[in-house]
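Student: I would like to go through this structure term by term. Please set each value against its definition.

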Amino acid sequence: MLILECPYCGVNADETELHAGGEAHLKRFGPEASDEEFEGYLFVRENPKGVHLERWQHRYGCGKWFHAARCTTTLEVFGTYPAQTLAPPKELVAKIKEKRPDWTWREFGGAST
Amino acid sequence: MSDMAVITRADARGMITLRGDLGSAKMKKAVKAATDQAIPTSGQFLGNGDKGVAWMSPDELLLIVPYDGVAQAIEVLEQALVKTHFLAVDVSDARATFTVSGDGTRDVLARLCPVDLHPDSFGTGQVRRTRLAQIAAAFWMHDAGFDVVCFRSVADYAEGVLTRAATTGEKTGFFA
């Protein structure tokens, strides 16, 4: 059972109270974008075997969307953070890197940064 | 074996959904004027079943007022919040309320909701919006047990699952 702490109400919400919203931090490309950019926005996704950044909605609770960092193989939850951001908090990235030094995820947490 | 709890469908209550900036001074005055209560903190319920206020989300409160006083309370809110961005809507008839009382109330709700109901984690004056079996619901704890609120369209379902949870099986003993 996956349990995530909602960053808005502080509740430890279990999976059945939540709604999964797919990958976090997608950048939207609109009408003026190139075909490649639009294709990337629509279809190209990370599919990591490891730590993933995801969107979740506390659907049966406060109804707010938030972000979570979760390992797709062990289900270890590294943390959750509010949705009003374009990147994961530095502390969270540091926490992930500490346990998974090789972790990379799009432009965040690259091995060289 | 006696039942763990008694489920009673409560009389209609006046309920107002109030959304807006909960941190503002105007909101504080408005809630005070309508319910005599302060703004609750996250997960808090203030007042009682006749006049109270429940924290629903970072920008939403549920105000409980007497059923006949809803129109008046909304007028009070609208006057107090004039020229701010807010929503105050009468949801009294959209909701059903149940009271759960007895010595096994925590067991009854723990069977239906994915909530840690141990006395160390959940006590009097706390409110939780969650899932009750297959439906959305909210409940808060007071001295005599729990008040459970759900949509009226699923009230029969809620009554059924609550009653079944309260009248079958044994207490777990986890909440003693």
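Tutor: Start with polar contact: a pair of N or O atoms within 3.5 Å, where within protein one must be able to donate a hydrogen and the other to accept it, and residues adjacent in sequence count only if both atoms are side-chain atoms. By that rule, seven residue pairs (both at pLDDT 80 or more) are in polar contact across the interface of domain 1 of chain B and domain 2 of chain B. This is a predicted model, in which local features need pLDDT of at least 70, side-chain atom pairs count only at pLDDT 80 or more, and totals for chains, interfaces and linings use all residues. Residues are numbered from 1 along each chain as its sequence is written, chains are lettered from A and ligands numbered from 1 in the order in which they are written, and side-chain values use heavy atoms, with hydrogens and water left out.

Student: Which elements supply the side of domain 1 of chain B that touches domain 2 of chain B?

Tutor: Strands S2 (14-19), S4 (52-57) and S5 (60-65) of chain B each supply at least two residues of that side. S4(B) gives the most, with four residues. Strands here are DSSP runs of E, at least two residues, and helices are runs of H or I, at least four, numbered from the N terminus.

Student: What are the bounds of domain 1 and domain 2 in chain B?

Tutor: The domain assignment gives 14-93 for domain 1 and 94-167 for domain 2. Such bounds come from an automatic or database domain assignment. The centres of the two domains, taken over C-alpha atoms, are separated by 22 Å.

Student: How many residues of each domain of chain B are in contact?

Tutor: Contact means heavy atoms within 4.5 Å. On that basis, 16 residues of domain 1 of chain B are in contact with twelve residues of domain 2 of chain B.

Student: What area do domain 1 and domain 2 of chain B bury between them?

Tutor: Buried area is the accessible area (1.4 Å probe) that two parts lose on being put together, summed over both. For these two domains of chain B it is about 1,100 Å², 57% of it on carbon and sulfur atoms. B:Phe45, B:Met56 and B:Asp93 supply 43% of the area that domain 1 of chain B buries against domain 2 of chain B, more than any other three residues.

Student: Why is the pair B:Glu60 and B:Arg129 called a salt bridge?

Tutor: A salt bridge is a side-chain nitrogen of Lys or Arg within 4 Å of a carboxyl oxygen of Asp or Glu. The side chains of B:Glu60 and B:Arg129 meet at 3.7 Å, N to O, so the pair qualifies under the 4 Å limit. The count between the two domains of chain B is one salt bridge.

Student: What is the count of salt bridges between chain A and chain B?

Tutor: The count is two. A:Glu17 and B:Arg128 meet in a salt bridge at 2.6 Å, N to O. A:Glu17, A:Tyr60 and A:Lys64 supply 47% of the area that chain A buries against chain B. The two chains bury about 960 Å² between them, and the contact takes twelve residues from chain A and 15 residues from chain B.

Student: What does the salt bridge of A:Glu23 and A:Arg106 tie together?

Tutor: Their side chains meet at 2.6 Å, N to O. A:Glu23 lies in strand S3 (residues 19-23) of chain A and A:Arg106 in the segment after helix H2 (90-99) of chain A, so the pair ties together parts that are 83 residues apart in sequence.
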